[in-house]
Amino acid sequence: KNYDLGIQDIAFLGSKANTSVLGLLSNTVITEDTSTVTKYISSMTAAELNTFASTVIGLYQANSGSYELPNRFIIPRADYTGLGTMVTNTIGAMPYSKIQYLEDMFKRICGPDFKILSTAYADKTFNNSKRAYNKNVYLLYKHDPESVRLNLPVPYTTTQPATADGYTFTNKAFAQYSGVAVLRNRELYKMTF
């Protein structure tokens, strides 16, 4: 379990001990936009949400050279849990939550495989306690091993338990991992505040 949680930390935020091993959210080769998202999406008014929804895919396409569309959107867990609120003027016979609005819009433009995902690692307070990153992170990207991947060439492996004193069994464990390899950095677009 410690290994799994450690690899998860590295996958999102990189290594604490080796700053050259970068994570998905902390990777420095990804374009970082600090002006598009300035507050939680869940706290946006209907007009702000509409502006965000109508411009964010265009920003991604401009970054990618109009070659690709994203199929994943990672957002802070605290914001994701707030997206169940209704878009203004939709309460009644046909309530429409902010999460439904965003998912429908992204799927229509980017394809049916599009997913909005949440992680605590994208939350400012959580990632600050882990790596002093101190940013709320929103990441649009192409989920494709030719675009981004985390290599684990040697999986977590334990040796045969043995005893030196006839009573206490010990063994060793080993693994090999890399940081997140961003192979096509223009297929990732990070927004922070």
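This is a predicted model: local features need pLDDT of at least 70, side-chain atom pairs count only at pLDDT 80 or more; totals for chains, interfaces and linings use all residues.
Visitor: Let's start with the helices. How should I read two helices that pack together?

Guide: Two packed helices are described by the angle between their axes and by the distance between those axes. In this model, the axes of helix 2 (residues 46-64) and helix 4 (residues 98-110) come within 11 Å and cross at roughly 25 degrees.

Visitor: Are helix 2 and helix 4 roughly parallel or roughly antiparallel to each other?

Guide: Angles under 35 degrees count as roughly parallel, so helix 2 and helix 4 are roughly parallel to each other. Their crossing is right-handed.

Visitor: Which residues of helix 2 and helix 4 meet?

Guide: From helix 2 come Leu 49, Asn 50, Phe 52, Ala 53, Val 56 and Ile 57, and they meet Lys 98, Tyr 101, Leu 102, Met 105, Phe 106, Ile 109 and Cys 110 of helix 4. Sorted by class, this contact has 11 nonpolar residues, one polar and one charged.

Visitor: Now the aromatic rings, please. How do I read a pair of them?

Guide: A pair of aromatic rings is described by the distance of the centres and the angle of the planes. The count for this model comes to 10 aromatic pairs. Take Phe 73 and Tyr 138: their ring centres are 6.2 Å apart and their planes stand at 35 degrees, so the pair is tilted.

Visitor: Where do Phe 73 and Tyr 138 lie?

Guide: Phe 73 lies in strand 2 (residues 72-76) and Tyr 138 in strand 4 (residues 137-141), so the pair ties together parts that are 65 residues apart in sequence. Phe 73 is buried at 1% relative accessibility, and Tyr 138 is buried at 0%.

Visitor: How are the rings of Tyr 138 and Phe 193 arranged, stacked or tilted?

Guide: The centres of Tyr 138 and Phe 193 are 6.2 Å apart with planes at 20 degrees, so this pair is stacked. Phe 193 sits in the segment after strand 11 (188-192), and the pair therefore ties together parts 55 residues apart in sequence. At 28% relative accessibility, Phe 193 counts as partly exposed.

Visitor: Which residues do ring pairs link into a cluster?

Guide: The cluster consists of Tyr 40, Phe 52, Phe 73, Phe 106, Phe 114, Tyr 138 and Phe 193. You have already met Phe 52 in helix 2 and Phe 106 in helix 4.

Visitor: One last stop: where is Thr 159?

Guide: Thr 159 lies in the loop between strand 6 (154-158) and strand 7 (162-163). With a relative accessible area of 32%, Thr 159 is partly exposed. Leaving aside residues up to four places away in sequence, Thr 159 touches Asn 171, Lys 172 and Phe 174.

Terms used: Residues are numbered from 1 along each chain as its sequence is written. Side-chain values use heavy atoms; hydrogens and water are left out. Helices (H or I, at least four residues) and strands (E, at least two) are DSSP runs, numbered from the N terminus. Buried means under 20% relative accessible area, exposed over 50%, partly exposed in between (1.4 Å probe, protein chains only). Contact means heavy atoms within 4.5 Å. Axes are lines fitted to C-alpha atoms, for helices over the stretch in contact, and angles run from 0 to 180 degrees between N-to-C directions. Angles under 35 degrees count as roughly parallel, over 145 as roughly antiparallel, 65 to 115 as roughly perpendicular and the rest as oblique. A crossing is left-handed if the near helix is turned anticlockwise from the far one by less than a right angle, and right-handed if clockwise. Ala, Val, Leu, Ile, Met, Phe, Trp, Tyr, Cys and Pro count as nonpolar, Asp, Glu, Lys and Arg as charged, and the others, Gly among them, as polar. Rings of Phe, Tyr and Trp (its six-membered ring) pair if their centres lie within 6.5 Å; planes under 30 degrees apart count as stacked, over 60 as edge-to-face and the rest as tilted.
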